[in-house]
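Dear colleague,

I am passing on the structure that follows, together with some notes on what turned up when I went through it. Please read the notes with the structure open beside them.

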Amino acid sequence: MGLLEAIILSVLAASTPLLIAATGELVTERAGVLNLGVEGMMIVGAACGFGGAWLTGSTIIGALCGIVAGTLLSLIFAMMTLGLAVNQVATGLALTILGIGLSGLIGAGFVGEKITPAPHLYIPGLTDIPLVGRILFGEDAFVYFSLALVIGVWLFLYRTRTGLVLRAVGDNHVSAHALGYPVLRIRMFAVMFGGACAGLAGAYLPLAYTPFFIPGMTAGRGWIALALVVFSSWRPARLVVGAYLFGAVTILQLHAQGAGLGIPSQFMSALPYLATVIVLVLISRARTGGSTAPAALGTVFVPDR
Amino acid sequence: MQLVLEKRAERSNTIALVSPLIAIGLTIVTMSILFAILGKNPISALGVYFIDPLTDSYSLQEIAVKATPLVMIAIGLSLCYLANVWNIGAEGQFLVGAVAGSWLAVKTQGTDAGPWVMPAMLLLGAAGGALYALIPALCKVRFGASEILVSLMLVYVADLFLDYLVRGPWRDPAGFNFPTTAEFDPVATVPVLIEGGRLHLGAVITLLVVAAATVLLGRTIKGFEIRVVGAAPRAARFGGFNSNQLILLTFAISGALAGLAGIIEVAGPVGHLQPGISPGYGFTAIIVAFLGRLNPIGILIAGLFLALTFIGGEQAQIAMKIPLDVTKVFQGILLFYVLACDSLILYRFRLIFPSRKVSRGAA
């Protein structure tokens, strides 16, 4: 296996959790809800995902545990912001703080344990094709799932009636409500979808990326996923580009550290975070002619009866 | 059955006062359940958490020591949140302030520098924190980039930068390879208030900050501007208030206070620069700001309360083997309840029992 092939494989693996989490958050934000708790839901998803897989020996059950954990946490968020009309920014921060504590509590029993990482696809013949075989036909199931998820979300948002309604709710909740659409219910489902994706993205880390659990292993990926949604201008296709770009930055800085260029490793480790800042600035600057964000993003909606 | 929110004609001042207490009560109930799930006796666990630290003078001092950075950071954050801008990177500004001030301590180490060192360090710390906080503020004002994400990303950068310094150029040559600077000289140290105690000058500075913030918010035009820009941005525009300038100002103040808290922590209780100088003060301060209802006096009380949970959490870990993460869970749950109870200030909750047909539109 050549170096280039190895790099591309690891870029795909590093990008997948970002892509899954960002896809979920994109749907949430398209419905007009800003859930800043992605990092918290991810880290709890990682703890529960590892716990599930470690107890049962099954990657699929681990992934399901992550999804359930993320969804439950997002339900708390939905209750607060939709049910009680609480500020979404503050609630999202609370969710992250709670999630970091909870994951430490749940994961305390698993630290130091190992599991078998998720199996990689192997199709005799196809996977053995030099150069592209492993990259196209030798990934773990999450990588394929994440791409299917983006395509599914794109189809849902732009090719279904429900998707249209969801976007309408995110752009103008007053009009959507006046037309008789259940604004809060649609937003609740969108938030739950975001939670499920964040939980799954978190679970991916211990299930496939590194076969063990360490506290704080998401290391800001939830926040980077939030930035990716901004980067994508709330469009699924651009999300794929953004996620792979960030995955590439993460992996390349690791390789640069390994190559020993004489640059302190901490500076290289800071690159993904600095890249996020730079990308946010460039993207926001390019949008001088009005924002592409859902118009009602982050605003509270209380239906009048 | 369905929960419906009804907007109150005006905000309820009674509930504004009691809502933090309701939130604390609900949190304690939830924590009791959590303790029971962990197989600990809830009553004795709560005792270790909230009562024991109040019974001896060492713990009481320690609470004040922990509350010092929390209150100082939270005061700055409350100005941002009142102006409806979101600085959530106080942790990073805390670390950068610690680094900026420590620079002088490291450079003057072993020289015969006079007692000007410590005050100069505090100034450098505040300046470092303010400059670091101005990065997200400028990105917001100039380019419209989300200040939330930028300020948070910079936390990781600050953390890595500090790590680099104490593992590289600033490492104590006589420190057995531990990632830490040498102990600061006495002139580079924040003095303790009582000989042999832990309470230091930082506590006094914090009280001054609380007083200054009370005056700023209650008695000055700037304080009024901050409130108006946050509560009614349109009215603020008509009033000719410059919201961009206010974003820069509130970020600079909150960064300066976080940086000051950072250098005081390093030059005071810790005594040298090392990784892990903050057990998440910058994030816990967000909870302090909200629990204190974004009011300086409220923040002072809230800061003492959250400091109590830090000390109680440490004692519960030693005495009852309760994991330290329980404290973080506690703080997270508390913030949830505080926010939920705050909703009561603006809305009245009403349960609707359906007679025949369930009305659509609410989940």
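How far apart do the C-alpha centres of domain 1 of chain B and domain 2 of chain B lie? They lie 31 Å apart. Please bear in mind that this is a predicted model, in which local features need pLDDT of at least 70 and side-chain atom pairs count only at pLDDT 80 or more, while totals for chains, interfaces and linings use all residues. Residues are numbered from 1 along each chain as its sequence is written, and chains are lettered from A and ligands numbered from 1 in the order in which they are written.

In chain B, domain 1 covers 1-38 + 328-363 and domain 2 covers 65-322, the bounds coming from an automatic or database domain assignment. Nine residues of domain 1 of chain B are in contact with eight residues of domain 2 of chain B, contact being C-beta atoms, placed from the backbone, within 7 Å. On the domain 1 side, the elements giving two or more residues are helix H1 (13-37) and H13 of chain B (helices are DSSP runs of H or I, at least four residues, numbered from the N terminus), and H13(B) gives the most, with six residues.

B:Asn177 is found in the loop between helix H6 (147-167) and helix H7 (201-219) of chain B, whereas B:Lys321 lies in the loop between helix H12 (296-320) and helix H13 (325-346) of chain B.

With kind regards

Terms used: Contact = placed C-beta atoms within 7 Å.
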